[in-house]
Amino acid sequence: MPHNLQLAITAFGGPETLKLQQTAMPEPQDGQVLIKVAFAGVNPVDAKTRAGLGWGAEKIKDMLPWVPGFDAAGVVVNDVGEYKAGDRVAGRIVEGGGYGQYLCADVSALSRIPDDVSFEAAVSLPVAGLTAWQALELAGLQAGETVLILAGAGGVGHIAIQLAKAKGANVYASCSIVNSAFVSALGATALDYTASELHEQVNNINVLIDLVGGDVGEAALTCVAKNGRVVTVPTITADRIIDAAKPLGIEAKGMLVVPKPEQLNALLSLVNDGAVRVEVAKTYPLEEGVQAHIDIQTGRTRGKLLLEMPE
């Protein structure tokens, strides 16, 4: 029986607490399918959870060692329901476990990957793509409105820019100077977050999509029009941003991304049709997952970071 090589959080702390472990092959329960994972996404929430921060860490504190990875793409191993062995699938794996060669996932969480979409592009969508989609939906962004997306070059940000453009919005995005050409090519007006206060570069915007939180998220509230709307994604500072927005007459909401296969199907179709482009900054072998966590923590990565599973 083949074993399952995984990268697990062994204790809360720095990236070095991630360790490789061999476990038995997982057994799918009713309503689950066994997947041979090709790639897993590395997301900021993975690093926060590993550090012991946020809702994710609270949920798993008594379950260590625990395998992160909320994005997975791979191949179905056995026929289950509508899925046949060999089908290419991707999904938002709420329980984690993507950082491993094999994974049991609920059939209801999965989407088929179109033939012309790579595993790498598909695995970039379940967390980042759905977060972008659901944030814009929660904000109620309409055609003709102005939206500012913080961290526009990141995994969520670069997809949010494209979805906002497709809605007919006027899009601004903050980024570093090295990413301004990338962000501009996606259709946004790039704002250099190091140059001057953001409100000196843009103001009176209808919608703020805050993908940074903390001091940066709070400072960006000065760019928002009275009666504007804010969606702040980092859960750790959501209450702070919501409280700071109230006296300014701005409605701010926090959010948690939820699996919605119909939205993931739509995103996969947009990528298949060339309407949305996914940027993969770097792919690491599973054995180099510690380095992937060091890199994601900088908050300076463009697009997505991925882990590739060994054969």
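In which strand does valine 230 lie? Valine 230 lies in strand S12, where strands (E, at least two residues) and helices (H or I, at least four residues) are DSSP runs numbered from the N terminus. The legends below describe a predicted model, in which local features need pLDDT of at least 70 and side-chain atom pairs count only at pLDDT 80 or more, while totals for chains, interfaces and linings use all residues. Residues are numbered from 1 along each chain as its sequence is written, and side-chain values use heavy atoms, with hydrogens and water left out.

**View 1. Valine 230 in strand S12.** Valine 230 has a relative accessible area of 1% and is therefore buried, a class that means under 20% relative accessible area, with exposed meaning over 50% and partly exposed in between (1.4 Å probe, protein chains only). The C-alpha atom of valine 230 is separated by 44 Å from that of methionine 25, the two residues being 205 residues apart along the chain.

**View 2. The largest cavity and its lining.** Rolling a probe the size of a water molecule over the atoms shows where empty space is left. On a 1 Å grid over the protein atoms alone, a cavity is a set of points where a 1.4 Å probe fits but cannot get out, whereas a pocket is an open set with protein on both sides within 12 Å along at least five of seven lines; lining residues have an atom within 4 Å of a point. Grid points are joined across faces, edges and corners, and a volume is the space filled by probe spheres set on the points. Searching the whole structure gives 1 cavity of 30 Å³ or more, and the largest cavity holds about 30 Å³ of space. Its lining consists of Leu138, Ala139, Arg229, Val230, Val231, Glu251 and Lys253, of which 4 are nonpolar, none polar and 3 charged. In this division Ala, Val, Leu, Ile, Met, Phe, Trp, Tyr, Cys and Pro count as nonpolar, Asp, Glu, Lys and Arg as charged, and the others, Gly among them, as polar. Helix H4 (125-139), strand S12 (224-232) and strand S13 (251-254) each contribute at least two lining residues to the largest cavity, and S12 gives the most, with 3 residues.

**View 3. The open sheet of 6 strands.** The strands follow the order S10-S9-S8-S11-S12-S13 with parallel pairing, two strands being paired if DSSP finds at least two bridges between them. S10 and S13 are the edge strands, each pairing on one side only. On average, and with direction ignored, neighbouring strands of this sheet are turned by 20 degrees against each other; the axes are lines fitted to C-alpha atoms, for helices over the stretch in contact, and angles run from 0 to 180 degrees between N-to-C directions.

**View 4. Strand S9 and its parallel neighbours S8 and S10.** In strand S9 (residues 170-175), 5 of the 6 residues are buried. Strand S8 (residues 146-149) is joined to S9 by 4 bridges, and valine 147 has valine 171 of S9 as its bridge partner. From S8 the chain crosses through helix H5 (residues 155-166) to S9 in a right-handed β-α-β crossover, that is, with the strands pointing away from the viewer, the path from the first strand over the helix to the second runs clockwise. Another 4 bridges join S9 to strand S10 (residues 189-192), with cysteine 175 partnered by aspartate 192 of S10. The crossover from S9 through helix H6 (residues 180-185) to S10 is likewise right-handed.

View 5. Most residues other than glycine have a negative phi, and most peptide bonds are trans.

**View 6. The cis peptide bond between leucine 64 and proline 65.** Omega of this bond is about -5 degrees, and proline 65 is placed in the loop between helix H2 (54-60) and strand S4 (71-76).

**View 7. The largest pocket.** The volume of the largest pocket is about 1,300 Å³, and of the 50 residues that line it, Pro44, Lys48, Leu211, Val212 and Pro234 are the closest to its centre. Helix H1 (44-50) gives the most to this lining, with 6 residues, and the lining divides into 27 nonpolar, 18 polar and 5 charged residues.
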